[in-house]
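Open the model in your viewer and keep the sequence panel beside it. This tour tells you what to select at each stop and what you will find there.

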Amino acid sequence: MEELVCYNEYKVFFLGKTFSLMREVLRLSKLEGILAYNDKFVRRKEYMPYQTGKYPGDKILVVTCMDTRLLELLPKAMNIQNGDAKVVKTAGALITSPYGSVMRSILVGVSLLAVEEVFVIGHHDCGMIGLESGMVLERIQQMGVNQEALDSVYDQGVEVEKWLCGCGEVEEGVMQSVRMIRNHPLFPSNIPVHGLVIDPNTGKLDEVVRGYE
Ligand SMILES: [Zn+2]
């Protein structure tokens with residue numbers, strides 16, 4: 001009996017017939033499903049078409065949102081092929097700290113990974129537009145995080161309301177991130193930083209900040 005695994009289903013060959021069993025029916029966890037798929041993926045060398053170098057072919061770095069709609073649409077809409085760009089994803093494409101991991105990624109990109117231009121790309125209908133900390137905190141508490149845990153965060157001096165806050169308008173958020181990069185004392189002034197907004201349905205890009213100016 002040979003077994004073929006797809007991400008969402010098992011195809012089982014048995015007694016000359018093909019049986020499809022949904023992952024849910026087999027009660028595989030998401031992790032088990034992914035690992036089972038991955039095992040076949042590697043053994044069949046399906047990675048071959050995706051092999052590329054660590055330096056971005058187009059010498060660009062994109063900071064964008066984690067929105068699911070952008071997963072394939074954004075690179076297609078920008079004509080970015082596999083290996084062309086460094087992509088840093090963070091909710092709303094909002095850089096909240098000059099010394100956080102997003103800014104660090106950008107600095108590593110421009111200093112060691114041949115990045116020559118940076119694109120900050122927010123999108124319409126983003127979950128971070130109008131997000132208030134209360135919405136997140138209330139839901140998190142419903143999920144079982146208690147007040148004591150929340151208090152411990154305040155006790156560390158974290159400005160939770162500010163940290164968990166989104167942006168008013170998408171353009172405003174993009175400009176804020178562009179300013180954060182441009183004004184960073186360690187960011188080279190000759191690297192253009194552009195700001196754009198993408199439509200998550202059509203892929204249309206609108207310019208907010210032209211980094212060459
Ligand atoms: Zn978003």
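What follows is a walk through a predicted model, stop by stop.

**Stop 1: the whole chain**

Show the chain as a cartoon. Its secondary structure comes to eight helices and eight strands. Now colour by burial. Of the 213 residues in the chain, 35% are buried. Next, think about contacts. Take those with a separation of 6 or more: 68% of them join residues 24 or more positions apart.

**Stop 2: the zinc ion**

Select the zinc ion. Which protein residues are its donors? They are Cys65 through SG, His123 through NE2 and Cys126 through SG. Draw the distances from the ion to these atoms. They run from 2.0 to 2.3 Å. Now look at the sequence panel. The donor residues are spaced C-x57-H-x2-C.

Cys65 sits in the loop between strand 4 (60–64) and helix 3 (70–77). Cys126 sits in the loop between strand 6 (117–123) and helix 5 (133–142). The pair therefore ties together parts that are 61 residues apart in sequence.

Are these two cysteines buried or exposed? The cut-off for buried is under 20% relative accessible area. Cys65 has 5% relative accessibility, so Cys65 counts as buried. Cys126 has 9%, so Cys126 is buried too.

**Stop 3: Thr90**

Select Thr90. Look for the loop between strand 5 (85–89) and helix 4 (101–112); Thr90 lies there. At 18% relative accessibility, Thr90 counts as buried.

What does Thr90 touch, leaving aside its neighbours within four places in sequence? Its contacts are Val63, Thr64, Cys65, Met66 and Val102. Now pick the C-alpha atoms of Thr90 and Val102. They are 7.7 Å apart, while the two residues are 12 residues apart along the chain.

**Stop 4: salt bridges**

Side chains of opposite charge can pair when their charged atoms come close. How many salt bridges does the structure hold? There are six.

Start with Arg69. Show its side chain together with Asp67 and Asp125. Arg69 forms a salt bridge with Asp67, with the closest N and O atoms 2.9 Å apart. Arg69 also forms a salt bridge with Asp125, and here the closest N and O atoms are 2.8 Å apart. Arg69 lies in the loop between strand 4 and helix 3, and Asp125 in the loop between strand 6 and helix 5, so this pair ties together parts that are 56 residues apart in sequence. Shared partners join Asp67, Arg69 and Asp125 into one network of salt bridges.

Asp67 is buried, at 15% relative accessibility. Arg69 is partly exposed, at 29%. Asp125 is exposed, at 58%.

Then move to Arg44 and Glu46. Their side chains meet in a salt bridge, 3.7 Å from N to O. Glu46 is partly exposed, with a relative accessible area of 29%. Arg44 is also partly exposed, at 42% relative accessibility.

**Stop 5: the largest pocket**

Rolling a probe the size of a water molecule over the atoms shows where empty space is left. Here, the largest pocket has a volume of about 620 Å³.

To find the pocket, select Ile95, Thr96, Ser97, Lys162 and Trp163. Among the 22 lining residues, these lie nearest its centre. Which elements give two or more residues to the lining? They are helix 4, helix 7 (160–163) and helix 8 (170–182). Helix 4 gives the most, with three residues. Now colour the lining by residue type. You will get 13 nonpolar, seven polar and two charged residues.

**Stop 6: two backbone angles**

Finish with two loops. Select Asn79, in the loop between helix 3 and strand 5. Its phi is near 60°, a positive value in a residue other than glycine. Asn79 is exposed, at 54% relative accessibility.

Then select Ala114, in the loop between helix 4 and strand 6. Phi of Ala114 is near 65°, again a positive value in a residue other than glycine. Ala114 is partly exposed, with a relative accessible area of 33%.

Note on methods: Residues numbered from 1 in each chain as written. Predicted model: local features only at pLDDT ≥ 70, side-chain atom pairs only at ≥ 80, totals over all residues. Heavy atoms only, no water. Donors = N, O, S within 2.8 Å, 3.2 Å for Na, K, Ca; no water. Helix = DSSP H or I, 4+ residues; strand = E, 2+ residues; numbered from the N terminus. Buried < 20%, exposed > 50% of the residue type's maximum accessible area, 1.4 Å probe, protein only. Contact = heavy atoms within 4.5 Å. Salt bridge = Lys/Arg side-chain N within 4 Å of Asp/Glu carboxyl O. 1 Å grid on protein atoms, 1.4 Å probe; cavity = no way out; pocket = protein on both sides within 12 Å on 5 of 7 lines; lining within 4 Å. Points joined across faces, edges and corners; volume = space filled by probe spheres on them. Nonpolar A, V, L, I, M, F, W, Y, C, P; charged D, E, K, R; others polar.
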